[in-house]
Amino acid sequence: MNLTTEQANPVSANIDQLTTLDAVSLINREDTKVAAAVREALPQIAVAVDVIAEALAKGGRLFYIGAGTSGRLGVLDAVETVPTFSAAPDLVQGLIAGGSDALTQSIEGAEDRPEGAGEDLIACELTSKDVVCGIAASGRTPYVVGGLEYANALGAKTIAIACNAHSAIGQLADISISVDVGPEIIAGSTRMKAGTAQKMILNTLSTAAMIRLGKVYGNLMVDVKVSNQKLAERACGLVMRLTGTDDRQAGTLLARANNEVKSAVVMSRLGVDYDEAHRLLGQANGKLREVIGDDPV
């Protein structure tokens, strides 16, 4: 297969002879092509978002599987759903060929074991309720191919993200997201444009799925997990914004609401206690708008 991601880019044929400014300008010009390439795949991305949101709403989980840069990007996206959306740590999981050691160093040969991802998914007790998203710039990484084959055999929904058309993983998955970012500035260095495209797609998948699940109100991060001072200040600001209270009152509300922004807002807006606010939100599947209506502030 003549992989686009492995081809030499004619525009950078003499990059080693350019001035530093000209070299970084060339890299930047190539990077501007990535968003346009991702835009072409938006219909497939939207379908994937709906599949993910439906699975998560029904008690399923989302697994990203990949090797090298692709695997690290999957782990990054999974980890960040916890503080951003208060997602349970096991709701979105990233699996990388070679395990956690591969996050900080190259584990030679790990990606070449097609059975590796199946073993990792077995350890996570994958079920047919879950979604598995395989990420591979080339679209043919054995670890990812094997993982999608295992997920398919189990009846789990599968998604493929690749940067080559007609990829092996795209042909295996229920939903194929293929973006053509063209050859890399440094031939084969898929941590560059391909990695940027993958990061954009993963951001979109997880964020849009969490929006569908009611994890935001308008564009506000109302399910933020208060785990440090910055996030505590953000939570207080959100309560102030949505209730019209001052910082002292907002802090009191949050303390009574177990640091849950949505519960604090419901308590203030509807004049109820924490248990009732929690019950109302549960009844609305966590969707704040269904409990308090539109934002009047």
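This is a predicted model: local features need pLDDT of at least 70, side-chain atom pairs count only at pLDDT 80 or more; totals for chains, interfaces and linings use all residues.
Biologist: Hi! At what angle do helix 5 and helix 6 pack?

Modeller: Helix 5 (residues 114-123) and helix 6 (residues 142-154) pack at about 50 degrees, and their axes are 6 Å apart. Helix 5 and helix 6 are therefore oblique to each other.

Biologist: And is that crossing of helix 5 and helix 6 left-handed or right-handed?

Modeller: Right-handed, for helix 5 and helix 6.

Biologist: New topic: how many residues of helix 11 are buried?

Modeller: Seven of the 10 residues in helix 11 (residues 261-270) are buried, so this helix is mostly covered. Lys-262, Ser-263 and Met-267 are among the buried ones.

Biologist: What do those buried residues pack against?

Modeller: Four partners: helix 9 (229-243), helix 10 (247-256), helix 12 (274-283) and helix 13 (288-292). Just after helix 11 comes Gly-271, with a positive phi of about 65 degrees.

Biologist: Which residue has a positive phi although it is not a glycine?

Modeller: Ser-86 is one, at about 55 degrees. Ser-86 sits in the loop between helix 4 (68-85) and strand 2 (92-96), and Ser-86 is partly exposed, with a relative accessible area of 30%.

Biologist: What about Glu-125, buried or exposed?

Modeller: Glu-125 counts as exposed, at 61% relative accessibility. Glu-125 also has a positive phi of about 55 degrees, and its place is in the loop between helix 5 and strand 3 (131-136).

How values were computed: Residues are numbered from 1 along each chain as its sequence is written. Side-chain values use heavy atoms; hydrogens and water are left out. Axes are lines fitted to C-alpha atoms, for helices over the stretch in contact, and angles run from 0 to 180 degrees between N-to-C directions. Helices (H or I, at least four residues) and strands (E, at least two) are DSSP runs, numbered from the N terminus. Angles under 35 degrees count as roughly parallel, over 145 as roughly antiparallel, 65 to 115 as roughly perpendicular and the rest as oblique. A crossing is left-handed if the near helix is turned anticlockwise from the far one by less than a right angle, and right-handed if clockwise. Buried means under 20% relative accessible area, exposed over 50%, partly exposed in between (1.4 Å probe, protein chains only). Contact means heavy atoms within 4.5 Å.
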